[in-house]
Amino acid sequence: CLSICPSLGWQQEAEKLRFLASICTVCSTTSVDSTMWDMLYFCQLEVVEAIEVLLQEEPTDHLGTALRQQAMLAITSMSRAGLLLQEKSSSLLHTCFCSIFHLPPQEDTRGPKASLYSKTLAAMDSMLQVLVRSADTLGILELQNILQLLLPFTNSQLAVVQERAMARIARLANFITTYPLLQVCPCFAQTTVLRHQCSKTYQFVMLGRLVGHLTLCCTCKDKGTRHEAAEALHHLHTFILQQRRRWPWLHDTGQLQHQEGWQARQPWQLSQNSRASRIFLMFMKYLQPSDQADIILMAIKSLRAPSAYSISFAAHMVDVLVADPAFQPGQVLNIVWAIYRNLPSVRAVVALNSLDRALLVLMEKHPSEVVASLLQCSPTCTHVAMAMWKVMLSEPQIAEKVVRELLSMLMNQSLRKTSTSTKDNPRILSLAAARMISEILLQPACLREVKAIFPQLFLALLFQVSFTTELTLQEVHVFWRKHQQDLLTPIRSAVQSVRVLLCSMGFESQVLAIEAQGGWDALLSTQTHLMGVRIVAREMMKTPRPLRSTIFCHLAELLSVEDPTWEMIAMAFLIEMLGCTDLNEELDRALEIFSMYLRSQCLGMPSLVLRGILRLTERPDMARKTLVLLPYVMEQLQGADSDASAAALPVLGNMLRLLEGKTPSLTALALADKLQPLFNDESDTVRELSIRLFQNVMGLVVGAEKKKMKKEVWDSLLPLLFHLHDQNKSVAKASQEALHSAGRFLKWEQLAQLAETAQAWRISECLLARNRSRAKDYLRQSQPYLQSPQEPLRREAVRFI
């Protein structure tokens with residue numbers, strides 16, 4: 001046997017049978033001849049592969065079952081002896097099933113060969129039972145492995161293959177009711193948490209698939225298959241009750257007795273659909289949400305035309321199961337995907353109505369998951385996806401949830417998560433939501449729901465435009481290919497959605513005005529989109545006050561939590577709205593968030609906020625309120641951002657004029673020290689504004705602070721002297737005027753007169769003559785100017801030194 005096994009060179013049937021018989025002999029006499037045992041143990045892989053080849057070579061056009069029967073016996077013997085490799089058992093079993101189930105149907109019921117065929121099937125049933133027994137504590141895992149291999153054969157187009165496979169399942173189900181050592185997790189109807197505490201070794205994880213499949217088979221066209229499926233379910237129910245009886249403390253004893261009594265009275269031979277319906281409802285109490293989700297997927301697939309099962313019953317299963325509220329997000333995703341994939345092949349009205357109801361129920365109970373799932377199914381909204389959306393939009397209450405969930409998806413791109421697929425990428429889902437919004441706006445029945453959240457939706461779409469400019473090429477290709485001329489690029493699609501939304505809400509005049517100013521085109525570019533946002537904001541200021549107030553408050557609410565995705569766009573829009581003269585109390589919200597964003601690390605944000613504060617300081621009704629921001633504005637002078645400094649200086653000038661009592665003097669003194677470093681800023685604007693503000697500050701200091709201020713003024717004289725030669729004429733003029741004011745502040749008439757005529761060389765001599773003890777200080781102040789980017793300032797520093 002072992003010598004000829006690897007070659008597989010048999011020519012005669014007798015040699016093949018002798019080889020298989022010898023395996024049985026060796027397995028049954030291992031205790032007598034240990035050498036043979038060792039040889040078979042080390043050759044078991046080759047032996048298994050040889051059996052598999054033998055079965056594959058058997059002709060399927062006639063019975064010839066003797067070899068198949070002997071192969072079943074050999075496999076059974078190896079399993080009993082512990083010589084069947086687990087990793088090869090699945091492949092070997094599949095070969096066995098293919099070899100026997102596909103035999104011609106007429107041969108298993110005629111003549112003497114019929115008895116041989118029955119014996120072969122009996123040998124197969126015995127083999128499967130031995131495999132389960134031999135697995136010992138892993139029996140439930142082996143059982144599920146066998147069932148997973150058998151179930152696909154029950155979907156065969158050949159009725160005889162269906163019946164033969166189903167009969168094997170029925171025999172296995174009957175066997176496990178008589179095998180006391182097989183233990184399964186008893187928590188069929190308990191909580192998921194309790195079930196997870198049980199070892200996976202004892203979990204019947206395919207219970208849902210098995211029950212769903214067998215129940216559907218109770219409605220198939222073949223009578224034999226229906227009978228075997230009902231038998232299998234009957235035994236499966238008995239097995240479940242037996243397992244639950246082993247752990248009575250986990251279950252209600254009275255309920256168990258009721259179920260057992262009902263099991264005894266159960267009419268398993270009712271008519272086709274009524275029997276299936278009663279069996280299905282009976283098993284429902286044992287199914288976890290994951291099991292129910294598995295059955296739903298099977299039932300949805302069975303709604304396709306043509307179907308091997310009753311479409312009306314499959315629709316009934318969907319109706320019953322989808323009502324369960326305990327599905328996990330992943331399960332909802334799978335159900336929505338199943339509807340999306342199978343819908344094009346569903347023809348029956350009862351099936352279409354069932355899927356419509358399923359979508360509505362799921363959307364009612366799992367709105368976030370359903371919307372996200374459908375966006376994942378079809379980011380570009382195909383006609384199949386649109387049909388599903390229309391179903392959900394047909395009910396006003398559901399439509400409202402759809403719109404709100406889409407709004408949430410639009411804002412979810414803040415997660416900044418990138419991925420190569422659409423499955424878990426919020427950036428792509430937000431793009432899909434934007435495209436879907438434009439489709440929803442074409443449905444008149446949804447306009448009421450859209451109007452209710454128009455301000456939030458409008459801003460979300462506007463943020464989306466900015467976000468879309470940052471997409472990677474890979475993300476863009478999800479929505480647009482160069483050869484798809486009918487589709488807009490993502491950013492143009494987002495802009496189009498904003499336009500459609502405004503038109504749908506009756507703001508056509510604003511749309512035309514924005515277009516006339518080039519606002520829509522400006523939004524399309526990263527370089528100009530902020531300008532486009534400002535144009536849109538200015539036109540939206542012409543809408544009714546209640547709407548403007550709502551938009552402003554929503555912007556303030558969004559900005560109360562820093563988010564780099566939309567904060568720049570939101571702030572630019574909000575600042576444009578500061579010009580609305582009829583917004584008063586709303587503007588107080590702006591002051592609350594400005595302090596936070598003055599410290600923002602976002603490039604350009606502090607200067608943008610400062611421009612907004614400047615506008616408020618120029619409004620009589622808001623000017624004094626801005627003084628709470630004075631410390632934060634002064635901080636901007638200490639950073640390296642020239643734009644922020646340029647924006648802060650006019651604000652400080654306005655705020656100083658608003659101060660009363662001793663506060664102006666104290667503030668001016670504190671500000672003087674921060675202004676002098678700005679005299680040498682690279683920005684012409686900052687140099688001019690800081691020098692002019694310093695000049696104003698000198699005039700505000702009075703009383704006891706005046707003595708401290710004199711030191712600041714003395715320190716400013718040499719920088720102001722050098723900047724008389726500044727290349728920028730405005731800076732030079734500001735320096736001349738500041739020197740004149742400094743002379744008057746110090747009561748030094750000679751300096752004031754020389755500054756008035758800009759006699760720089762005379763001023764430098766005057767400085768040294770007035771106080772030679774400051775020579776070292778002047779030398780220290782002069783040295784940085786030797787590195788000045790301006791040649792005239794370097795030359796004057798050398799002359800003075």
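Buried residues are those under 20% relative accessible area, exposed residues are over 50%, and partly exposed ones lie in between (1.4 Å probe, protein chains only). The model shown is predicted, so local features need pLDDT of at least 70 and side-chain atom pairs count only at pLDDT 80 or more, while totals for chains, interfaces and linings use all residues. Residues are numbered from 1 along each chain as its sequence is written, and side-chain values use heavy atoms, with hydrogens and water left out.

**View 1. The buried residues of helix α40.** Helices here are DSSP runs (H or I, at least four residues), as strands are (E, at least two), and they are numbered from the N terminus. In α40, which covers residues 760-770, the buried residues are Ala760, Ile763, Ser764, Cys766 and Leu767. Seen down the axis of α40, these buried residues fall within an arc of 160°, so they line one face of the helix; the arc is taken from the directions from the helix axis to the C-beta atoms. The buried residues of α40 pack against α37 (705-722), α38 (729-745), α39 (749-756), α41 and α42, where contact means heavy atoms within 4.5 Å.

View 2. Ala758 is placed in the loop between α39 and α40, and its phi is near 55°, a positive value in a residue other than glycine. With a relative accessible area of 39%, Ala758 is partly exposed. Arg770 lies over the face of Trp748, at 4.5 Å from the ring centre; a charge sits over a ring if NZ of Lys or CZ of Arg is within 6 Å of the ring centre and within 35 degrees of the ring normal.

**View 3. Two aromatic pairs.** Rings of Phe, Tyr and Trp (its six-membered ring) pair if their centres lie within 6.5 Å, and planes under 30 degrees apart count as stacked, over 60 as edge-to-face and the rest as tilted. A search of the whole structure finds 16 aromatic pairs. One of them, formed by Phe463 and Trp566, is stacked, with 5.9 Å centre to centre and 20° between the planes. Phe463 lies in helix α23 (residues 454-468) and Trp566 in the loop between α29 (545-559) and α30 (567-576), so this pair ties together parts that are 103 residues apart in sequence. Both Phe463 and Trp566 are buried. Tyr778 and Phe800 form an edge-to-face pair, at 6.0 Å centre to centre and 80° between the planes. Since Tyr778 belongs to helix α41 (residues 775-782) and Phe800 to helix α42 (residues 791-800), the pair ties together parts that are 22 residues apart in sequence.

**View 4. Ile51 in the nonpolar core.** A nonpolar core is a set of buried Ala, Val, Leu, Ile, Met, Phe, Trp, Tyr and Cys residues joined through side-chain atoms within 4.5 Å. The largest such core has 269 residues, of which Ile51, Trp389, Phe458, Phe573, Leu574 and Phe594 touch the most other members. Leaving aside neighbours within four places in sequence, Ile51 is in contact with residues including Phe19, Leu20, Ile23 and Leu92.

**View 5. A cis peptide bond.** Ala305 and Pro306 are joined by a cis peptide bond, for which omega is about -5°. Pro306 is placed in the loop between α14 (289-301) and α15 (311-322).
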